[in-house]
Amino acid sequence: MALDLDPGLAGAGNPSLVKAIIEEMDGGAIPFERFMELALYHPEHGYYRKPGRIGTGGDFLTSPVIHPMFGWAAGAWCEWVWEALGRPAPFTIIEPAAGEGALATALLDWAEGRGGAFAEGLRYVAIEPNARGADRRVEWLEDAPGAVEAGVVLSNELFDALPVRVFDVEGRGPVEVYVRWDGEAFVEARGSIATIDGAPAAGRFEVSGRAHATMSAMCDLVERGAVLTFDYGYPEEELWADWRKQGTLLCFYRHTAHEDPYQHVGEQDLTAHVNLSELELAMELAGFTTFAPVTQAAFLTEAGLGSLIESVRDDLPEYFARRRAFQQLTDGAGLGRIRVLAGTRGVEGVPPGFGVEA
């Protein structure tokens with residue numbers, strides 16, 4: 001239906017995106033999953049088309065932009081995989097949802113600074129349909145490449161941005177949440193009853209219909225090597241614990257977290273915590289050996305970031321910059337509680353950060 005959206009009603013968010021969503025509703029309602037998909041990934045007006053999302057002037061911070069040390073740690077982990085595979089060349093790192101390339105740049109700078117065979121044989125592929133970074137050492141692709149013989153698939157906060165279905169548990173069971181336009185704002189509506197194994201007995205919860213397939217596709221990108229994923233999430237029994245009544249969906253707008261996805265539509269980030277058990281299962285079905293998830297704080301501490309701070313004690317500005325960054329990256333109430341999940345195929349041994357020292 002034709003729609004002339006009064007800009008005065010655009011308090012819901014980006015007027016063009018609000019109009020596009022209402023037009024798709026066509027007087028009815030759409031599942032929350034579709035609403036979230038349009039809010040984040042609409043090809044013209046979605047949030048991930050918005051420049052400047054990440055950083056002090058944006059809506060949130062991610063680990064790679066805090067300090068290059070995060071990328072250095074990821075690079076050292078990838079080098080361990082390369083060594084365990086017998087130093088293959090080329091060795092490809094593939095990063096889905098690479099954003100503007102902060103992780104890629106830090107990792108490549110670290111490798112080149114060390115020199116040697118790892119740097120010489122390293123190929124970095126960034127998959128990013130919404131933007132292209134400036135680092136010319138990176139191959140920027142809009143779609144996933146074919147499988148490589150040896151490498152690592154590396155992701156940071158990819159899965160928590162996938163659209164999710166939302167359910168409220170009522171007396172008759174989990175009822176899916178839909179979204180409609182009431183003439184002034186987006187409001188929720190009730191959909192059909194669902195049967196979901198292991199679902200909570202009360203409250204609100206989310207289900208990702210895309211996480212398993214996304215992880216499976218990531219595993220298919222490397223014949224021998226590893227997948228390393230950093231994301232907010234919990235094992236299923238913790239994610240759907242009886243005490244968790246409100247789910248995990250959060251919105252980030254100008255560095256403020258809140259729980260209303262129906263304001264600032266297209267102008268704020270929407271995230272939901274990941275079911276790590278589902279990701280582990282996808283890895284195992286793809287033939288990967290998985291390792292129990294660890295916190296980012298534990299992973300980076302074992303990676304030796306503390307020694308990187310002490311190594312520049314004679315340079316006080318850099319010393320304090322690294323110390324502040326380490327505190328942010330390992331803060332148990334913030335980035336430090338991100339979980340790190342790894343799987344390997346064709347690799348002997350336990351990778352660093354997962355219970356055994358490198």
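**Sheets, helices and cores**

In the predicted model, Ala126 faces Trp140 of strand S4. The two strands involved here are S3 and S4. Strand S3 covers residues 122-127 and runs parallel to S4, and 4 bridges join them. Ala126 also takes part in a second pairing: within S3, Ala126 is the bridge partner of Glu95. That pairing links S3 to strand S2, again in parallel, through 6 bridges.

These strands belong to an open sheet of 7 strands. Their order is S4-S3-S2-S5-S10-S17-S16, and the pairing is mixed. Strands S4 (138-141) and S16 (289-295) form the edges. Each has a single partner strand, so one side of each lacks a neighbour in the sheet. On average, neighbouring strands are turned by 15° against each other, with direction ignored. In general, strands of a sheet pair through backbone hydrogen bonds, and the pairing can be parallel or antiparallel.

S2 is mostly covered, with 6 of its 6 residues buried. Phe91, Ile93 and Glu95 point one way from the strand. Thr92, Ile94 and Pro96 point the other way.

Helix H5 (residues 102-114) lies across S2 (91-96), S3, S4 and S5 (148-156). The helix runs at about 175° to S3. Helix H9 (residues 276-285) also packs on the sheet, where it touches S10 (222-231), S16 and S17 (339-345). The direction of H9 makes about 10° with that of S17.

The largest nonpolar core holds 53 residues. Within this core, Phe91 and Leu154 touch the most other members. Helix H4 (residues 69-84) supplies the largest share, 10 residues. In general, nonpolar side chains of soluble globular proteins tend to be buried together. Which residues does Leu154 contact, leaving aside its neighbours within four places in sequence? The list includes Ile93, Ile94, Glu95 and Pro96. Leu154 also contacts Ala74, Leu103, Leu107, Tyr124, Leu228 and Phe230. A second, separate core contains 28 residues, among them Ala12, Ile30, Trp181 and Cys251.

Helix H4 also packs with helix H12 (residues 316-329). The axes of the two helices lie 10 Å apart, at an angle of about 70°. An angle from 65 to 115 degrees counts as roughly perpendicular, so H4 is roughly perpendicular to H12. On the H4 side, Met69, Phe70 and Trp72 make the contact. They meet Arg322, Ala325, Phe326 and Leu329 of H12. By class, this contact has 6 nonpolar residues, no polar ones and 1 charged residue.

A further open sheet has 3 strands in the order S13-S12-S14, with antiparallel pairing. Strands S13 (256-258) and S14 (269-271) are its edges, and each pairs on one side only. Neighbouring strands of this sheet are turned by 25° against each other on average, direction ignored. Strand S12 (residues 250-253) runs antiparallel to S13, and 3 bridges join the two. Cys251 stands opposite His258 in S13. Cys251 is also one of the residues of the second core.

Notes: Residues are numbered from 1 along each chain as its sequence is written. This is a predicted model: local features need pLDDT of at least 70, side-chain atom pairs count only at pLDDT 80 or more; totals for chains, interfaces and linings use all residues. Side-chain values use heavy atoms; hydrogens and water are left out. A nonpolar core is a set of buried Ala, Val, Leu, Ile, Met, Phe, Trp, Tyr and Cys residues joined through side-chain atoms within 4.5 Å. Buried means under 20% relative accessible area, exposed over 50%, partly exposed in between (1.4 Å probe, protein chains only). Contact means heavy atoms within 4.5 Å. Two strands pair if DSSP finds at least two bridges between them. Axes are lines fitted to C-alpha atoms, for helices over the stretch in contact, and angles run from 0 to 180 degrees between N-to-C directions. Angles under 35 degrees count as roughly parallel, over 145 as roughly antiparallel, 65 to 115 as roughly perpendicular and the rest as oblique. Ala, Val, Leu, Ile, Met, Phe, Trp, Tyr, Cys and Pro count as nonpolar, Asp, Glu, Lys and Arg as charged, and the others, Gly among them, as polar.
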